Structures are given as C-alpha cells and as structure tokens.
Amino acid sequence: MSELIPLPDPSTQYGVGAAFELFAHVAPPPKEDGSGRVKFTKADCVAVESQPDGRLQHCSQYTVQPHSKYPSHQIILRKGLSIGLSHLRFAQVWMVECDGRTMVARFYDPLYVFDDTGAYDIFLQTRERVGTEVAAYTALSRFQGSLIPRFVGCFLAMVSAPPGLEDRFPPRSVEIVLLEFFPGESLRALGAGQDEKDEDEDCDPQRDIHFTFVCDEHKTAILDAVRLADHLFILSGVHHIDLKDRNVLLKETLPSHTAFCSSAECALQHRLSAESLITQLASQSGGEPVESSTIRC
C-alpha cells in the first residue's frame with residue numbers, strides 16, 4: 001500500500017501572485033435529468049476519494065490536454081474571495097488580473113473538494129458543476145452585465161502537483177470559469193444574517209435573509225428585487241437554488257448627499273433609493289420566456 005499523503009492546503013498552489021495560463025475549453029453539458037446534481041451513496045463513491053495520493057492519481061485519469069498549444073490568457077491571482085478547504089466547496093474563487101483588467105476566476109479543482117459525508121463522487125460532481133455554471137450563464141446571456149456578471153469563458157489550466165510531489169504526479173488539468181468582476185458588497189457584508197441550509201434545499205429570500213443594518217423600506221425593496229430577479233431567471237430556464245445573503249451583491253455606488261430613507265442607522269441611506277432597485281430590474285423583464293429544460297445552479 002502506498003504511503004498516504006496529507007492533503008495540502010490550497011494556498012500551497014493558489015496564492016497571491018501565482019500565475020496560470022488559460023487554454024480555451026468547451027465544458028461538457030450538464031445532465032439532462034433536470035436536477036444538475038450527481039449524488040452517490042457511500043457504497044457507490046470512489047474508494048480512493050479519502051486518500052490524497054489516490055486523489056492525485058484519479059486527477060491524472062480525469063486530466064485532459066488543451067486543444068491548443070498556445071494559451072488564450074494569463075491570469076495572476078490578486079485576492080482570495082472564497083478559498084480554502086470546507087465541506088463541498090467546489091471552486092477556489094479569486095480576484096485576478098487578466099489582460100490588464102480585474103476579473104474573477106473560479107478554479108474547479110477536485111483535489112481540494114472536501115466531502116465530510118462521503119456521499120459524492122467529487123470528480124464527476126466537479127465536472128457537472130462546471131457544465132451547469134456555463135449552461136446557466138449561456139441561458140441568462142441577456143442579463144449579463146446587469147443582473148449577473150459577464151461570462152468571459154471556460155478554460156483549462158495545467159496545474160502541477162503540490163510542492164514536493166511534482167516528481168510523483170504529472171500536472172493535472174483544472175477547469176476555470178472566468179467572469180467579470182462586480183465591485184460591491186454582499187448582503188452579508190451589509191449586516192444580513194442567515195442560518196446555513198442544506199445545499200440541496202431551495203432558498204426563500206423572504207424567509208432566509210434577515211437584516212440588522214438596513215431599514216424596513218430598503219429591506220422590502222431588496223427582497224422584492226431578489227424575488228423579481230429570481231422570477232426572470234426561472235423564465236429563462238434557470239432555477240437558482242442558492243439565493244443566500246453571501247450570493248446577492250449590491251453594486252458599488254458613490255455616496256449621495258440625498259437621503260433615500262429617514263433612518264440614519266440604515267447602511268443604504270446615502271447609497272441608493274429603494275425605487276431604483278425595482279426600476280432597474282423591471283426594465284429587464286421584457287421578452288418571452290425561454291423554452292428550455294430547467295437548469296438548477
């Protein structure tokens with residue numbers, strides 16, 4: 001039996017200043033069962049999943065070579081947005097520099113997907129997540145740049161084995177989704193609080209998002225805007241099942257001399273008017289529903 005290798009922290013490979021070459025890649029489409037999920041029982045799970053050295057070997061089996069010899073882009077990691085090891089974190093998310101612009105890169109590296117239940121095949125699940133995300137951005141193309149970030153593309157990067165293991169394992173391919181960077185802050189940063197829910201359970205923003213630093217007028221407007229955006233997504237064939245406070249972003253705005261509400265304690269008093277949220281979203285509601293199978297993301 002081979003010696004077990006401790007799973008290194010992702011920071012050993014994904015850290016500030018690290019550079020990666022990106023190669024154009026076509027992600028496999030998600031499953032046609034309408035669920036967007038690939039869940040397994042423990043008996044069906046890959047036996048080597050709990051062993052880091054087995055994971056590296058399995059990464060080699062799932063590795064694909066780029067179609068082109070020449071990269072499309074080079075990115076440099078600047079700031080971690082959602083990183084590290086935690087239960088079923090499928091992407092290491094970074095603010096990156098690409099072609100002189102700030103973007104967001106989501107690294108789908110199965111080596112660092114930690115499943116403390118043993119219920120998932122992390123390799124198949126990771127590939128499915130990439131396909132689902134790409135399909136969702138494609139279905140929501142008319143909302144890119146307004147309600148959601150612009151989708152730049154899906155890419156491959158060849159990532160070497162963790163430090164000290166390069167001579168034992170070849171470079172592995174990692175799928176990357178590259179997105180526009182939206183300056184702003186999440187509802188959680190604005191003082192919203194939310195209990196953690198099972199990731200397979202649909203989220204109701206009315207029930208699951210609570211505010212402590214936002215007045216009732218702005219709270220109502222935000223919840224109405226989130227519900228309207230979710231409705232527009234569903235009409236486009238996409239069912240967003242993770243509308244948690246950390247996933248709802250308010251674009252950065254310059255402070256105004258105008259007070260948009262009467263509550264001096266409201267974090268948005270000089271940021272934006274409650275009416276502007278709904279007005280901006282309502283302008284996006286034209287057009288016919290897209291007839292397609294529902295994508296859950």
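A: Begin with the lining of the second largest pocket, to which β6 gives the most, with 4 residues. The model is a predicted one, in which local features need pLDDT of at least 70, side-chain atom pairs count only at pLDDT 80 or more, and totals for chains, interfaces and linings use all residues. Residues are numbered from 1 along each chain as its sequence is written, and side-chain values use heavy atoms, without hydrogens and water.

Q: What makes a space a pocket, and how is its volume defined?
A: On a 1 Å grid over the protein atoms alone, a pocket is an open set of points where a 1.4 Å probe fits, with protein on both sides within 12 Å along at least five of seven lines; lining residues have an atom within 4 Å of a point. Points are joined across faces, edges and corners, and the volume is the space filled by probe spheres set on them. By that rule the second largest pocket holds about 220 Å³. It has 16 lining residues, of which Y62, V64, R127, S173 and E175 are the closest to its centre. Two or more lining residues come from each of α1 (52–62), α2 (122–139) and β6 (172–180).

Q: How is the lining of the second largest pocket divided by class?
A: Ala, Val, Leu, Ile, Met, Phe, Trp, Tyr, Cys and Pro count as nonpolar, Asp, Glu, Lys and Arg as charged, and the others, Gly among them, as polar. The lining therefore has 9 nonpolar, 3 polar and 4 charged residues.

Q: Why does C98 count as buried?
A: Buried means under 20% relative accessible area, exposed over 50%, and partly exposed in between, with a 1.4 Å probe and protein chains only. C98 is at 0%, so it is buried. C266, at 6%, is therefore buried too.

Q: What is noted about phi at L88 and D99?
A: Most residues other than glycine have a negative phi. L88 has a positive phi near 55°, and D99 has a positive phi of about 55°. L88 sits in the loop between β2 (73–82) and β3 (92–98) and is buried because its relative accessible area is 10%. D99 sits in the loop between β3 and β4 (101–108); at 53%, D99 is exposed.

Q: Which residues does P30 contact beyond its neighbours in sequence?
A: Contact means heavy atoms within 4.5 Å. Leaving aside neighbours within four places, P30 is in contact with E128, G131, T132 and A135. P30 lies in the loop between β1 (19–24) and α1, and at 18% P30 counts as buried.

Q: Where does pLDDT stay under 50?
A: pLDDT is the predictor's confidence in each residue, from 0 to 100. It stays under 50 over residues 192–201 and over residues 287–292. Where pLDDT is low, the predicted coordinates should not be read in detail. The mean for the protein chain is 78, and 74% of its residues reach 70 or more.
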